[in-house]
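Please keep the viewer open beside the text.

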Amino acid sequence: MPSAMEGSEAGDGEVLRYEETEDDNVSPTDLSELLKEGTKESHDRAENTQFVKDFLKGRIKKELFKLATAALYFTYSALEEEMDRNKDNPVFAPLYFPLELHRREALVKDLKYFYGEEWKEKIQCSEATQRYVDRIHHVGQHEPELLVAHAYTRYMGDLSGGQVLKKVAQRALKLPSTEEGIQFYMFDNISNAQQFKQLYRARMNALDLDKNTKERIVEEANQAFRFNMQVFDELDQIGRSLTEAAEDGGLPVHDGKGDLRKCPYYADKLAGTAGPGCPYHGAVALVQQPLVQLILAACVAAAAGAAAWYMM
């Protein structure tokens, strides 16, 4: 099992370093192994949602990435609020690593980059995200022994596959090499992600939990995966709406500056309503129709001929 070279309670500005050790003493009944095996199917399903598959292929639009970042902000705000609440509770205290893991402040930086200083006024918690947030608050306040399931699902994923998504997003969205917009993925106070994950699993396995509680934690972790998949599906639906807007002749994609919802056309798309379209989008769509272009060309030719005749 790993052990911390400099201790796990590092002060501000310090970076934890961990000894390289093998997990020789892991038992099938350890919580880390139960979670690994018990969530394997959910993990595979989450990776195969359309949103994640498109993301991994670099098919992610900036507006959708911004909405995903907002969803993460609400999720981690709830999770870290409940972790702070339970930082001295024996069922969670050994897993409390605010300096190393907490993501809320990083997400605030990303939202400021995408939306500007008035970012709070330009984002809202979606329905799927709100259900996730509500469950996290319930667990933190009424069943804190299950909080480890949500922390495990989020942070261990961020330290693993999340690092792949960081590179994809930076390349696909042409984000600055100075890492604005992807601070969420930057764990500056973890020097070695693999060794930190070993330490985290060791702490999980040392929790004093009976068999029934471990089974409940595994089920809660599967529930966390389901909440994440619901958010992914919601984002995928919004993404299709944005794509349809472009194919219908609207502006290709909102450029990420300002508030997308201020345009009634996009607001209707996001809300799933059938309100009137944005006049500018309608005009562009009309002009892009082949028949209209042919008529316009004919009119231009006729006008040119009339002008030439007049000037003779």
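The protein has 14 helices and 0 strands, where helices (H or I, at least four residues) and strands (E, at least two) are DSSP runs numbered from the N terminus. Read from that end, the order of elements is α-α-α-α-α-α-α-α-α-α-α-α-α-α. This is a predicted model, in which local features need pLDDT of at least 70 and side-chain atom pairs count only at pLDDT 80 or more, while totals for chains, interfaces and linings use all residues. Residues are numbered from 1 along each chain as its sequence is written, and side-chain values use heavy atoms, with hydrogens and water left out.

Of the 312 residues of the protein, 45% count as buried; buried means under 20% relative accessible area, exposed over 50%, and partly exposed in between (1.4 Å probe, protein chains only). Among contacts with a separation of 6 or more, 75% come from residues 24 or more positions apart. Contact here means heavy atoms within 4.5 Å.

**Helix packing**

Two packed helices are described by the angle between their axes and the distance between the axes. The axes are lines fitted to C-alpha atoms, for helices over the stretch in contact, and angles run from 0 to 180 degrees between N-to-C directions.

Take helix α4 (residues 62-85) and helix α7 (residues 127-142): they pack at an angle of about 5°, with their axes 9 Å apart. That makes α4 roughly parallel to α7; angles under 35 degrees count as roughly parallel, over 145 as roughly antiparallel, 65 to 115 as roughly perpendicular and the rest as oblique. On the α4 side the contact includes Ala71, Phe74, Ala78 and Leu79, and on the α7 side Tyr132, Val133 and Ile136 are among the residues involved. By class, this contact of α4 with α7 has 7 nonpolar, 5 polar and 3 charged residues. In this scheme Ala, Val, Leu, Ile, Met, Phe, Trp, Tyr, Cys and Pro count as nonpolar, Asp, Glu, Lys and Arg as charged, and the others, Gly among them, as polar.

How do α8 and α9 pack, at what angle and with axes how far apart? Helix α8 (residues 147-159) meets α9 at an angle of about 55°, with the axes 3 Å apart, and the two are therefore oblique to each other. Gly157, Asp158 and Leu159 of α8 touch Gly161, Gly162 and Gln163 of α9. The residues of this α8 with α9 contact divide into 1 nonpolar, 4 polar and 1 charged.

**The largest pocket**

The largest pocket has a volume of about 1200 Å³. On a 1 Å grid over the protein atoms alone, a pocket is an open set of points where a 1.4 Å probe fits, with protein on both sides within 12 Å along at least five of seven lines; lining residues have an atom within 4 Å of a point. Grid points are joined across faces, edges and corners, and the volume is the space filled by probe spheres set on the points.

Which residues lie nearest the centre of the largest pocket? They are His43, Thr153, Gly157, Asp158 and Gly161, out of 45 lining residues. By class, the lining has 22 nonpolar, 12 polar and 11 charged residues. Gly157, Asp158 and Gly161 also take part in the contact of α8 with α9.

**Residues linked across the sequence**

Leu101, in helix α5 (residues 98-101), is buried, with a relative accessible area of 0%. Leaving out residues up to four places away in sequence, Leu101 touches Glu80, Tyr155, Leu159, Phe187, Ile190, Phe196 and Tyr200.

Helix α10 holds both Leu199 and Asn205. Leu199 is buried at 5% relative accessible area, and Asn205 is buried at 17%. Val164, in helix α9, is partly exposed at 45%. The table gives one partner for each of these residues.

| Pair | Separation in sequence | C-alpha to C-alpha distance |
|---|---|---|
| Leu101 and Ile190 | 89 residues | 8.4 Å |
| Leu199 and Leu95 | 104 residues | 9.6 Å |
| Asn205 and Glu33 | 172 residues | 8.8 Å |
| Val164 and Leu56 | 108 residues | 8.1 Å |

**Two positive phi angles**

Most residues other than glycine have a negative phi. Lys174, although not a glycine, has a positive phi of about 55°. Lys174 is found in the loop between α9 (161-172) and α10 (193-205), and at 71% relative accessibility it counts as exposed. Glu179 lies in the loop between α9 and α10 and has a positive phi near 75°. At 27% relative accessibility, Glu179 counts as partly exposed.
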